[in-house]
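Morning, everyone. Please look at the screen, and I'll take you through how the pieces pack.

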Amino acid sequence: MLIDAHAHLDFYTPEDLPRVLAMIRDRGILTVANSVSLDSWRKTQQVAALCDLVIPSFGLHPVWGATDLPSTSDLERALEDAPMIGEIGLDYTRATTSERRAQRRTFEQVLHLARDNEKVVTIHSKGAERDVLESLDRVQPTRAILHWYQGPTDVLQELIDRGAFFSIGFAVLDTPAVRDLVRRLPLPQLLTETDNPAARSLRGREAMPDLVCEVVEETARLKGIEAGTLEEVVEENFRRLVGERLAARVDRASGNPLQGGSGGLQAR
Ligand SMILES: [Zn+2]
């Protein structure tokens with residue numbers, strides 16, 4: 001089963017979404033739908049209700065989500081309801097000192113709640129990799145996925161040593177730093193993603209779910225293994241990552257990807 005560990009399905013227009021979900025069902029792509037704010041989380045839950053292959057994830061993105069903070073009760077309820085947590089993290093690329101401080105406060109607050117609820121977290125770390133590592137060391141969440149990591153290699157090694165997972169996206173096709181990361185990364189800590197529909201604005205691509213196939217093929221090539229083998233390894237990694245709590249959900253997705261949707265397409 002193909003795994004897209006990081007997408008933003010609520011970012012698709014209502015016109016595009018049915019085509020996107022049909023392809024997810026058709027190709028049997030288990031997709032983690034990240035959200036970036038409370039409003040985005042509500043939309044993401046609605047999308048996930050349409051398709052068993054979509055796992056909704058609650059997050060407050062450092063750029064979009066952290067400025068409009070939910071109340072503590074809304075935050076706690078979302079943390080309880082969500083099977084996974086993300087996208088959360090830090091982004092220092094354009095942040096002032098006070099914005100960085102605010103991002104960090106929110107990030108650590110959500111990390112604490114995620115740890116207390118034993119949820120897997122998906123982390124954005126752009127330009128802030130060392131502070132992300134420090135926060136992870138302080139809070140010690142259950143398990144973490146680093147999304148689109150592009151930081152220093154010494155911090156990368158520390159994160160690998162702590163057992164973090166890394167989701168590899170379309171940048172593997174053209175970004176030397178990401179290709180280098182793939183070569184360094186132990187196979188048991190590797191996941192695949194699309195960050196859909198980001199490739200539309202960043203690369204002018206159509207940004208459909210089958211983008212993950214290109215990611216799998218190129219990542220496999222860099223690792224010197226068959227694409228089919230990498231697909232199996234990533235599924236196994238994802239199962240290990242989410243553990244018992246989501247095992248039934250992954251089984252249901254792999255066994256019966258048509259359930260929950262209007263479907264009519266053949267599963268791969
Ligand atoms: Zn994202």
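Which residues in α4 meet which residues in α5? Before the list, one caution: this is a predicted model. On the α4 side we have R104, F107, E108, L111, H112 and R115. They meet D131, S135 and V139 in α5. By class, that contact has three nonpolar, two polar and four charged residues.

Now the geometry of that pair. Helix α4 covers residues 97-116, and helix α5 covers residues 129-139. Their axes come within 10 Å and cross at roughly 35 degrees. The crossing is right-handed.

Next pair: helix α7, residues 176-184, and helix α9, residues 211-223. These two pack at an angle of about 60 degrees, with their axes 9 Å apart. That makes α7 oblique to α9. This crossing, too, is right-handed. R179, V182 and R183 in α7 meet T219, L222 and K223 in α9. Here the classes are two nonpolar, one polar and three charged residues.

On to the sheet. It is open, with eight strands in the order β1-β2-β3-β4-β5-β6-β7-β8, and the pairing is parallel. β1 (2-7) and β8 (190-192) are the edge strands, each pairing on one side only. Neighbouring strands are turned by 30 degrees against each other on average, direction ignored.

Let's zoom in on one pairing. Strand β4, residues 84-89, runs parallel to strand β5, residues 120-124, and three bridges join them. I85 stands opposite V121 in β5.

Last, what lies across the sheet strands? Helix α10, residues 227-255, lies across β1, β2, β3, β5, β6, β7 and β8. Helix α10 runs at about 75 degrees to β8.

How values were computed
Residues numbered from 1 in each chain as written. Predicted model: local features only at pLDDT ≥ 70, side-chain atom pairs only at ≥ 80, totals over all residues. Axes fitted to C-alpha atoms, helices over the stretch in contact; angles between N-to-C directions. Helix = DSSP H or I, 4+ residues; strand = E, 2+ residues; numbered from the N terminus. Parallel < 35°, antiparallel > 145°, perpendicular 65-115°, else oblique. Left-handed = near helix turned anticlockwise from the far one by under 90°. Contact = placed C-beta atoms within 7 Å. Nonpolar A, V, L, I, M, F, W, Y, C, P; charged D, E, K, R; others polar. Pairing = 2+ DSSP bridges.
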